[in-house]
Amino acid sequence: MPDADVGILSGKLLADLAGHGSLRRFARGEVLISEGDVSDALYVLVAGKLKVFTSDFKRRELIYNILEPGEFFGEMFLDGGLRSASVKAVEDSDCVVIGEAKFREFMAAYPEFAERLVIKLIGRVRHATRQIKGLALDGVYERMAVLINLIPLDAQGERVIPRELTQQEIANRVGATREMINHLFRDLVRGGFLVKEGRMRTIVAKELPQHW
């Protein structure tokens, strides 16, 4: 995807930044940040995987992003506002947590990081713009097809939907219901685009068409 690596730090910069904070481990399912919390620290993901999401009073989720090692988040505390989204560990994860004073010192001492921060924020705006456009102009199928077509090929050259990318997870990412995703999956299986092998393995036999 375009902009996919805007939040990734170089190894040296990541190590220097990590030296200004403390390492914390978060278990799978643990919430690191809750929407509406007071902002006070930057997080750098060292190992694991996190999801950034919002939810309503019915616990329905909309996932904004999935974070991989090397990405940083939480920098919006710089404006003094509250956290605008929640972050949860998708798997056991390690993060370096850096307080506000240390973070501001680091930005002053490392202009490269300040530049990466600006680029990351631009990337977030672009990503948000694409999401808004998709939600406003595209149907559920179109949004789902983009997500599935981005799944990388495995060592055997197959595109396999990861087990953690459940129908509910897909629904949360594209702003739909699980029932709608299940209906689309059945249609795609009948059309030969998806092939189910048992209950836990679904292969994308060919790239999903842009429209259905």
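Ala-41 stands opposite Gly-99 in strand S8, and that's a handy way into this predicted model. Helices (H or I, at least four residues) and strands (E, at least two) are DSSP runs, numbered from the N terminus. S3 covers residues 41–47 and S8 covers 93–99; the two pair in the antiparallel sense over 6 bridges. Two strands count as paired if DSSP finds at least two bridges between them.

**Ground rules**

- Residues are numbered from 1 along each chain as its sequence is written, and side-chain values use heavy atoms, with hydrogens and water left out.
- Since we're looking at a predicted model, local features need pLDDT of at least 70 and side-chain atom pairs count only at pLDDT 80 or more, while totals for chains, interfaces and linings use all residues.

**How confident is the model?**

- pLDDT is the predictor's confidence in each residue, from 0 to 100.
- The protein averages a pLDDT of 84, and 94% of the residues score at least 70.
- Among the elements, helix H1 (residues 11–18) has the lowest mean pLDDT, at 75, while strand S7 (residues 86–89) has the highest, at 94.
- Residues 1–7 stay under 50 in pLDDT, and the model has 15 contacts for them beyond four places in sequence. Contact here means heavy atoms within 4.5 Å.

**The sheet**

- Four strands make an open sheet with antiparallel pairing, in the order S1-S8-S3-S6.
- Strands S1 (22–26) and S6 (72–73) stand at the edges with a single partner strand each, so one side of each has no neighbour in the sheet.
- S3 also pairs with S6 in the antiparallel sense, this time over 2 bridges: Tyr-43 stands opposite Phe-73, and the bridge partner of Val-44 is Phe-72.
- Helix H2 (residues 100–109) packs on the sheet, touching S3 and S8, and its direction makes about 85 degrees with that of S8. Axes are lines fitted to C-alpha atoms, for helices over the stretch in contact, and angles run from 0 to 180 degrees between N-to-C directions.
- S3 is mostly covered, with 5 of its 7 residues buried. Buried means under 20% relative accessible area, exposed means over 50%, and partly exposed is in between (1.4 Å probe, protein chains only).

**Two loop residues to look up**

- Lys-49 is found in the loop between S3 and S4, and with 19% relative accessibility it counts as buried.
- Leaving out residues up to four places away in sequence, Lys-49 touches several others, including Ile-66, Leu-67, Glu-68, Lys-88 and Glu-164.
- Arg-59 sits in the loop between strand S4 (50–55) and strand S5 (61–67), and at 75% relative accessibility it counts as exposed.
- Arg-59 and Ala-101 are 42 residues apart in sequence and 35 Å apart in space, going C-alpha to C-alpha.

- Helix H4 (residues 140–149) has 8 of its 10 residues buried, so the rest of the structure largely encloses it. Its buried residues include Tyr-141, Met-144, Leu-147 and Ile-148.
- Helix H5 (residues 167–174) is mostly covered too, as 6 of its 8 residues are buried: they are Gln-167, Glu-169, Ile-170, Ala-171, Asn-172 and Val-174.
- H4 and H5 pack at an angle of about 115 degrees, with their axes 10 Å apart. They are therefore roughly perpendicular to each other. For the cut-offs, under 35 degrees counts as roughly parallel, over 145 as roughly antiparallel, 65 to 115 as roughly perpendicular and the rest as oblique.
- Where do H4 and H5 meet? Arg-143, Met-144 and Leu-147 in H4 meet Ile-170, Arg-173 and Val-174 in H5.
- H5 also packs against helix H6 (residues 178–190), at an angle of about 110 degrees and with their axes 8 Å apart. That makes H5 roughly perpendicular to H6.
- On the H5 side, this contact is made by Gln-167, Gln-168, Ile-170, Ala-171 and Val-174, and on the H6 side by Arg-178, Ile-181, Asn-182 and Phe-185.
- H4 passes H5 in a right-handed crossing, and H5 passes H6 in a right-handed crossing. A crossing is left-handed if the near helix is turned anticlockwise from the far one by less than a right angle, and right-handed if clockwise.
- Just after H5, Gly-175 takes a positive phi of about 70 degrees.
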